[in-house]
Amino acid sequence: MGGTSRWVADDWDKYATTTRTKTTDKIFTSRKMHADLDPKTINIRESRDSDINPESTPIITAVDVTGSMGMIATYFVQHGLGNFFTEILNRKPITDPHLMVMGIGDVNYDDAPLQVSQFECDLTIADQLEKIYVEHGGGNNNSESYDLAAYFAAYHTSIDSFEKRGKKGYLFTIGDEMPPSGTSKILLEQFTVDTPQTDADFKTTLEAAEKMYNVYHIIIAEGNYAKTYLDKVKAAWTELLGQNAVVLKDYTTLSELMVSLIEINEGRAVDDVIGSWSGTTAIAISSAVKDLTTKPTSSSTDVILFD
Amino acid sequence: MITLTAEHILLIPKDHPEKLFTYDNYVKESRLLLKIWHPDHSIHPQSHAVTIHVLELIKSAKYKISNNTWTNNAILEFRANDTTYRLHYKKHHKFELGDMYISDTKIIYVVDIKYKKLFYNAVNNLGHVKYADDHMKLQFQPCIPKSSTVYTTDNNLILLINKTRDMLLLQDVIDHFNGKLDVKHTAWVVSRLYNISAFLEYNKLVHNAISPMTVFISPVCHTVCLYGGWWYSRKNDEKLLGVPGNLINMFPKDVISKKLADSKVDRLLLKGTAIAALGDETMVGSKLLTSKNIPAGLINWLRQPSTTKASTEYKDWSSILVKYLGPRTFTKLDLSVDDIYK
């Protein structure tokens, strides 16, 4: 369990100055699943309130690290983490962010289809991100194991924001391919601590994750698969997640998009959010979120009537 | 009362005057206590503290009586059909449609008249429950409200449901045990609820509100009744009228978007009720991951989605029970009615 300190911008600047001069292979030096990130040995990841972070908000960023998507992990250690923490702490759509990163591969082909950091709120998250094995794998199918991120979030995280305050965290899966149908119980047993009785289809896994998290999928339009099949990919994800499936045309604005989605979910008007960015960032964010609607708030003690 | 020690009195929480006074005689009783404990009359070293505490309890008693929230012997009074009714009750809970009062032999639901459609939906569905034969009737009729009476006041609709004295609201039992029931006791509650769920499935009914606030249990007989929450009940695939806000997180997204009743909701809520009984009031179960007293496999099973028929899932549950808790045995729940409804 992490999350007992705070993000310091100067520390990030020093760190990023170094990483920005390195290639992906020089940053991500693991050549197999790092033991600290192996879900086969992790029963629970915790996001807990502390004196310094009294109202923690867990945010999980699950990044596709297969084939053409390796650049996303690199983006995060060179720019993305800093942008994300700077904007989220300045704009304050949520309190006390605790970030977890996951690496997503393909459970049918890869050695490390799921890698899981701790929840952290300082530069420690960059150290953990660097431990990710960028396998550059994936298979000949048209999907990656994004469902494993939802599975782990649903069944192996314990978060104070929800348990103490009834406030959901955020789960972002990021990639360019189709959603998988699910994962067999045999593979779940192989890659997690569980011995499930049944296969886990993605739809029900998502429903389980959505009890504790606001779940989003960000489709990276620059990815090889999405370049060719963007409409098909968008339609498939929209069927699962509705408006929480969004297309991003410029991956270098990924952090700003995550912050924007959080702001909109927390009640800020879509136009205000778009207007808060400038230049090419504003163009990319507008394209991704312009059709979203701000969700109405309701009291948990109310009755919800249907017409 | 005269024999109460200073320690006894000081241990009574300030918001529990019922533990010191009786409803009808609290004025007389409080005067007597003040006479005994006032520092002018008592040389006890704690007389001052006791007097202050008794004064606080008097204040709390006055408030509870004027607000009709005395939990020992309070009276619910309402006027309907040109008659004034006075009903004693022992416990009061607010719920999303109004108020619930629990007496020894009745549960009284006072529902805001704006929820008339939901109210009569409950009355109607309860009136059309079917039994395949006498055996089924004998087994399940006691598990659902059978004898109910309806009253209409200017602002409310009132439903009276008969119960036996030993029947306790599951939430009250959980609260009594500081938020969690032992896994062995939760197990028999879950088993009985699966029976009821299968019975509802036979009736093609979906209850839509199974939770610790609608389930009643008898620790003495190990029986379970689904007395509350019938407002939301619908036939399978029938359009939903509404769902309780505090349970919406448990409803599958497709059920909410289609607004059609689906029996898997009852089984999801049943599992959620079990999770709440075990100590996670969110009904999601993540809090139980750190529990050392509940087998991890059992928690994992309860947290998995429900997709099959009630009878199939009941069989799964039975094998899970044996796997993680061993052969079935009767474990006495050390709890009397008076512990809960004093």
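Where does A:K92 lie in chain A?

## Model and confidence

A:K92 lies in the loop between α3 (70-91) and β3 (97-104) of chain A. Helices (H or I, at least four residues) and strands (E, at least two) are DSSP runs, numbered from the N terminus.

This is a predicted model: local features need pLDDT of at least 70, side-chain atom pairs count only at pLDDT 80 or more, and totals for chains, interfaces and linings use all residues. Residues are numbered from 1 along each chain as its sequence is written, and side-chain values use heavy atoms, without hydrogens and water.

Chain A has an average pLDDT (the predictor's confidence in each residue, from 0 to 100) of 92. In that chain, 96% of the residues score at least 70. Helix α2 (residues 24-27) of chain A has the lowest confidence, with a mean of 86. Strand β10 (residues 245-248) of chain A has the highest, at 98.

## Positive phi

Most residues other than glycine have a negative phi. A:K92 has a positive one, near 55°. A:K92 counts as exposed because its relative accessibility is 61%. Exposed means over 50% relative accessible area, buried under 20%, partly exposed in between (1.4 Å probe, protein chains only).

B:K204 also has a positive phi, near 55°. B:K204 sits in the loop between α7 (183-202) and β9 (205-206) of chain B. At 53% relative accessibility, B:K204 counts as exposed.

## Nonpolar cores

A nonpolar core is a set of buried Ala, Val, Leu, Ile, Met, Phe, Trp, Tyr and Cys residues joined through side-chain atoms within 4.5 Å. The largest has 85 residues. B:W317 is among those with the most contacts inside it. α7(B) gives the most to this core: ten residues.

Conventions. Chains lettered and ligands numbered in written order.
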